[in-house]
Amino acid sequence: MSTPNALLERNRDPLRLLKVIIALVVALLFIFPIIWMLFVSLKPKNMAVANPLDWFTPPYTFANYTEILMESDVLLWLWNSVIIGVITTVLTLIITSLAAFALSKMQFRYKTPIFLFFLAGMMVPGGGYDYSTL
């Protein structure tokens, strides 16, 4: 637990306001594309959005969303992704918890190298693979 003096010293940072302003600017830079995407997706189909001021002015419509949901397989793709994600998560939790239990409670040969192998595998970043070319 912190002492009151430590809390007062922490709050006396002369650059605190500048840090907060910089953090807010960075946050706005990151969230702007999401806001832009939302507003442009609500525009009617044939409306041009070349001018940045047109992005945020009415008219708005949800017809694009209903058309996508009714005339494409987006909901099927979403359901497939949910099924794959749930199955993968459950299997990963089962297998990794069994391995963690074995490594923590059992005594066997090469326990340390196996642990280091698992640890090295977690340190290697994954993703970015394109399996469509296989």
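Where is Y110 found in this chain? Y110 sits in the loop between α4 and α5. The structure is a predicted model, in which local features need pLDDT of at least 70 and side-chain atom pairs count only at pLDDT 80 or more, while totals for chains, interfaces and linings use all residues. Residues are numbered from 1 along each chain as its sequence is written, and side-chain values use heavy atoms, with hydrogens and water left out.

The overall plan comes next. The protein chain has five helices and zero strands, and its pattern along the sequence reads α-α-α-α-α. Here helices (H or I, at least four residues) and strands (E, at least two) are DSSP runs, numbered from the N terminus. Of the 134 residues in the protein chain, 5% are buried. The word buried stands for under 20% relative accessible area, exposed for over 50%, and partly exposed for what lies in between (1.4 Å probe, protein chains only). A contact, in turn, means heavy atoms within 4.5 Å. Among contacts in the protein chain with a separation of 6 or more, 6% come from residues 24 or more positions apart.

Two packed helices are described by the angle between their axes and the distance between the axes. For helix α4 (residues 74-105) and helix α5 (residues 111-123), the axes come within 10 Å and cross at roughly 140°. Such axes are lines fitted to C-alpha atoms, for helices over the stretch in contact, and angles run from 0 to 180 degrees between N-to-C directions. On the α4 side, A99, L103 and S104 take part, and they meet K111, I114, F115 and F118 in α5. Sorted by class, this contact of α4 with α5 has five nonpolar, one polar and one charged residues. In this sorting, Ala, Val, Leu, Ile, Met, Phe, Trp, Tyr, Cys and Pro count as nonpolar, Asp, Glu, Lys and Arg as charged, and the others, Gly among them, as polar.

K111 lies in helix α5. A polar atom of the K111 side chain lies 3.0 Å from the backbone oxygen of L103. This is a polar contact, a pair of N or O atoms within 3.5 Å; within protein, one must be able to donate a hydrogen and the other to accept it, and residues adjacent in sequence count only if both atoms are side-chain atoms. Back at Y110, phi is near 60°, a positive value in a residue other than glycine. Y110 counts as exposed because its relative accessibility is 54%.

Helix α3 (residues 63-71) holds N64, which counts as buried because its relative accessibility is 19%. A polar atom of the N64 side chain lies 2.6 Å from the backbone oxygen of K43. Not counting residues up to four places away in sequence, N64 touches S41, L42, K43 and K45.

Side chains of opposite charge can pair when their charged atoms come close. E67 and K45 form a salt bridge at 2.9 Å, N to O, the term meaning a side-chain nitrogen of Lys or Arg within 4 Å of a carboxyl oxygen of Asp or Glu. E67 belongs to helix α3 and K45 to the loop between α2 (16-41) and α3, 22 residues apart. K45 is exposed because its relative accessible area is 57%, while E67 is partly exposed at 28% relative accessibility. Finally, P58 and P59 are joined by a cis peptide bond with omega about 10°, and P59 is placed in the loop between α2 and α3.
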